[in-house]
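This briefing collects computed features of the structure shown below, grouped by topic for a reader who wishes to check each of them against the coordinates.

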Amino acid sequence: MPKKYDAIIIGAGTAGSILANRLSADPDRQVLVLEAGRRDHRLDFRIHMPSALSFNLTNKFYNWAYESEPEPYMHNRRIAQPRGKVFGGSSSINGMIHIRGNAMDYEKWGAIKGLEEWDYAHCLPYFKKMEYRLKGADAYQGDNGRQYLTTPKCDNPLFDAFFKAVQQAGYPLTKDVNGYQQEGFAKFESTTYRSRRWSTARGYLHPVMHRSNLKVISKALTTRILFKGKRAVGVEYMKGKNKYTVHGKEIICCGGAINSPQLLQLSGIGNGDDLKALDIPVVMDLPGVGENLKDHLEVYIQCAAKKPVSLYPALKPWNMPKIGLEWLFAKKGIGASNHFEAGGFIRSNDEVDYPNLQFHFLPIAIRYDGTAPSEGHGFQVHVGPMYSDAKGYVKITSSDPTKYPKILFNYLSTEKDRKEWVEAIKCARKIFSQKAFDQLREKEISPGEGVKTDEQILDFVAREGESAYHPSCTCKMGYDDMSVVDSKLKVHGVENLRVVDASIMPEITNGNICAPVLMIGEKAADIILGNTPLPKSDLDFYKHPK
């Protein structure tokens, strides 16, 4: 290894893979990437077959497999929180749904003092830069980037019924939820290419692994960042039973909303009183590290189907070999889709300015762990509020870097959150009750006819709610007392240290968060390299007239 790297990137995940590519493009810049997880084995169908996503969400091979503390408003349930522990990070184990968020999300970011260059006009060019939309570009989407996007066919008759039902319920269709108008229902683009998952490892990291100035080490757990005074000078990491020290001019944390605050705390950056209690020397007292944790909670609204039109037969063990072979050799069939092919965004009340609920529709009744109701054929929507004001935290409980941090989301802890959850269930039921489903809908499986009152609905959410796996905001960008990084993603109060991942979001975005993290990675690369920012966009976006 060189005595000193120009950049040490901690995490070869969604953002880390992007930075590895962009920073090492300069042959004179020496770049080291430390990834705690494995390589994304090219022949492992579990990671590359879109419909096999539940395998990686329910085992530890490519997955940190975190879980929350007992959630006090969720019957003290521990909520699973899978995170990618592999090249590509969570882009290698997620549901492959490409949602940018609403333009108004970034307007909120840009309205924060000091973050003016994170508004929609400044972020949109970086969304377009990273996209390779296979159906072609338009004013809002790109077709020359490294992130392939496939538009699904939605050829199951249940999708036709769904799109008709949402209109009968009074909600619009939209041409593209990532374009001018997010509000409404449409096909959801997926991060797949030629029927395979297309993670940032595949798009950004593997194409440049041959570069002589880029070194990537797998199964290397970074244990702490090294400081000389307030200046980050290197990192310590473990590989196997051995410990190593390596020095760098700039350290960039890309561990995600759980691992990045954990590493900062282990390194002496965080709430000073908490660190002293663990005998960790305080480098910088930053009380916001690990605070402000946001996520999306969701439930499934499931109905049994009158006709055998769902994907239920695909769950039968005797059908799986055929599905796998068809995917492997013909690049088609049920295995080639993530099955989150349609959904949408609506406002649950007239008090909000833009959509506060997201729906994913599935032509099958199934859980994330791959289990299905005993009723057999069915269909479902995943639904949940996008802007809960509930906040949680990530806190280390030991100076041991191998010990998982304490995670608490505080789901359902606020009046606003509970109000929007009741609205969410009622909106979903309204859609499924429309005439378009009359020939297909049998009984409601979940929550079931016995759940009627607001109190019963909230109890159902508390019993059955699951994370949508969108943790964020734990090292938020800004300049208030709880901010952790500035507009250039530099950690406040120290030198040569940045954070680039979902943790820097000032507020969570509307929808799945992988696409926003790709944008953050691309924008951060230009910031770190000192490049002239891409010209800001002058494109307009939809605002509801009410």
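This is a predicted model: local features need pLDDT of at least 70, side-chain atom pairs count only at pLDDT 80 or more; totals for chains, interfaces and linings use all residues.

Residues are numbered from 1 along each chain as its sequence is written, and side-chain values use heavy atoms, with hydrogens and water left out. Helices (H or I, at least four residues) and strands (E, at least two) are DSSP runs, numbered from the N terminus.

**Helix α1 and its cover**

- Helix α1 (residues 14-23) is mostly covered, with nine of its 10 residues buried, where buried means under 20% relative accessible area, exposed over 50%, and partly exposed in between (1.4 Å probe, protein chains only).
- The buried residues of α1 are Thr 14, Ala 15, Gly 16, Ser 17, Ile 18, Leu 19, Ala 20, Asn 21 and Leu 23.
- The elements that cover these buried residues include β2 (7-10), β3 (31-34), α7 (200-205), β11 (214-217), β15 (251-253) and α13 (514-529).

**Strand β19 and its partners**

- Strand β19 (residues 297-305) is largely enclosed by the rest of the structure, because nine of its nine residues are buried.
- Two strands pair if DSSP finds at least two bridges between them; β19 pairs in the antiparallel sense with strand β22 (residues 378-385) over six bridges, and in β22 the bridge partner of Ile 301 is Val 381.
- Antiparallel pairing also joins β19 to strand β25 (residues 441-446) over three bridges, with Cys 303 standing opposite Glu 444 in β25.
- With strand β26 (residues 466-467), β19 pairs in the antiparallel sense over two bridges, and Ser 467 in β26 is the bridge partner of Leu 297.

**A four-stranded open sheet**

- An open sheet of four strands has the order β1-β14-β13-β12, with mixed pairing.
- Its edge strands are β1 (4-5) and β12 (221-228), each of which pairs on one side only.
- Strands β13 (residues 231-239) and β14 (residues 242-248) run antiparallel and are joined by six bridges, with Asn 242 in β14 as the bridge partner of Lys 239.

**Aromatic pairs**

- Rings of Phe, Tyr and Trp (its six-membered ring) pair if their centres lie within 6.5 Å, and planes under 30 degrees apart count as stacked, over 60 as edge-to-face and the rest as tilted; by this rule the count comes to 30 aromatic pairs.
- The rings of Tyr 148 and Trp 198 have their centres 4.8 Å apart and their planes at 75°, so the pair is edge-to-face.
- Tyr 148 lies in strand β7 (residues 147-149) and Trp 198 in the loop between β10 (196-197) and α7, so this pair ties together parts that are 50 residues apart in sequence; both Tyr 148 and Trp 198 are buried.
- Phe 162 and Phe 185 also form an edge-to-face pair, because their ring centres are 5.6 Å apart and their planes stand at 80°.
- Since Phe 162 lies in helix α6 (residues 157-168) and Phe 185 in strand β8 (residues 184-187), their pair ties together parts that are 23 residues apart in sequence; Phe 162 and Phe 185 are both buried.
- One aromatic cluster includes Phe 162 and Phe 185, together with Phe 159, Phe 163, Tyr 171, Phe 359, Phe 361, Phe 379, Phe 432 and Phe 437.

**An exposed aromatic residue**

- Phe 329, whose place is in helix α10 (residues 320-330), is exposed, with a relative accessible area of 66%.

Conventions. Contact means heavy atoms within 4.5 Å.
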